[in-house]
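Please keep the sequence and the model in view while reading.

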Amino acid sequence: MSLLEIRAAGIWCAAGDFYLDPWAPVDRAIITHAHSDRARPGSRAYLTVREGERLLRAQVGPDAAIQTVEYAEVLSLGAARVSLHPAGHLPGSAQVRIEHGGEVWVFSGDYQLAPDATCTPFEPVRCHTFVTEATFALPVFHWPEAAETIAAIEAWWRANQEAGRLSVLYAEAPGPAQRVLAALDRCIGPIGAHPGIEQFNRIYRGQGIELGRLADHPTLLIAPPGTARAANASTAMVSGWMRIRGTRRRRALDRGFVLSGHADWPALLRAIDETGAATVWATHRHGAALARWLEENGRRAAALETRFGEGEA
Ligand SMILES: [Zn+2]
């Protein structure tokens with residue numbers, strides 16, 4: 001029995017009559033997290049984890065009807081029992097567990113298993129069918145430890161500072177930008193944030209997430225990708241895509257640092273294993289590669305055409 005199906009507006013659950021991260025307005029949307037490819041304005045009612053409500057409101061508008069739940073709180077929606085569980089991707093990011101007629105499905109949203117001080121850590125959820133993201137589902141995507149990447153950013157910043165150069169670090173927000181802000185050592189020098197980053201910092205701080213001091217005259221500036229370059233600055237970017245050399249060259253960056261809010265290849269396989277799922281549906285651009293690998297290794301798997309993963313880091 002299939003608990004989920006793809007319709008024009010997105011992934012729909014018949015038993016509960018709701019959509020998961022729909023890409024068009026619907027009556028009831030369950031939102032895994034507040035990135036723009038997942039949380040779109042115009043739906044009549046939204047359901048999300050309380051920890052993610054403010055970020056969601058920033059995406060879907062101040063007047064949107066948003067109902068919140070705690071992690072693991074069980075709701076009855078139609079004939080389905082639904083609960084949301086930590087995904088480790090953003091504050092309030094969730095995997096959606098759906099139970100109906102003895103079947104359990106989990107819809108992962110985006111997730112990562114590595115530690116991130118700005119959000120609740122990922123928790124595996126057992127299920128029969130797991131719908132997983134597959135943003136970085138190729139063996140080449142293998143992340144170094146986050147602490148190692150942070151140390152490399154700090155060394156680059158320190159060297160620029162000694163040479164009298166500004167360091168500009170491009171990072172997506174919300175997410176990697178705030179994760180880096182929370183982790184960098186303020187003893188090295190003053191850090192600043194571009195307004196496009198600061199608008200999300202305010203939301204994080206407003207719910208008690210510590211991001212560290214910011215300065216008006218920084219030697220390291222965190223900025224959204226694509227913002228204008230300053231003169232006499234060294235530029236770098238944090239993203240999983242920095243694992244591929246060509247990406248850095250195309251963007252004409254001096255440095256690339258590998259850090260992502262998404263699971264890398266080994267973490268994807270571990271997460272899938274820990275669900276115990278016999279069947280896996282893979283979304284995103286590398287979904288087909290992941291589905292093929294899973295089929296060759298004893299699982300039923302399929303790739304899904306979705307609109308998730310546009311422009312994410
Ligand atoms: Zn995301």
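## A buried phenylalanine

In this predicted model, Phe107 has a relative accessibility of 1%, and because buried means under 20%, Phe107 counts as buried. Phe308 has a relative accessibility of 5%, so that residue counts as buried too.

## The pair of Phe107 and Phe308

The structure holds 12 aromatic pairs. One of them joins Phe107 and Phe308, whose ring centres are 6.1 Å apart and whose planes stand at 65°, so the pair is edge-to-face. Phe107 belongs to strand E10, which covers residues 103–107, while Phe308 lies in the segment after strand E18 (300–303), and the pair therefore ties together parts that are 201 residues apart in sequence.

## A second pair and its cluster

Another edge-to-face pair is made by Phe141 and Trp143, since their ring centres are 6.0 Å apart and their planes are at 65°. Both Phe141 and Trp143 are buried. These two residues also take part in one aromatic cluster, which is formed by Phe136, Phe141, Trp143 and Trp241.

## Charges over rings

Phe308, already described as a partner of Phe107 in an edge-to-face pair, also has a charged neighbour: the charged end of Arg38 sits over the ring of Phe308, at 3.8 Å from the centre of that ring. A further arrangement of this kind involves Arg7, whose charged end sits over the ring of Trp12, at 3.5 Å from the ring centre.

Notes
Residues numbered from 1 in each chain as written. Predicted model: local features only at pLDDT ≥ 70, side-chain atom pairs only at ≥ 80, totals over all residues. Heavy atoms only, no water. Phe/Tyr/Trp six-rings, centres within 6.5 Å; stacked < 30°, edge-to-face > 60°. Helix = DSSP H or I, 4+ residues; strand = E, 2+ residues; numbered from the N terminus. Buried < 20%, exposed > 50% of the residue type's maximum accessible area, 1.4 Å probe, protein only. Lys NZ or Arg CZ within 6 Å of the ring centre and 35° of its normal.
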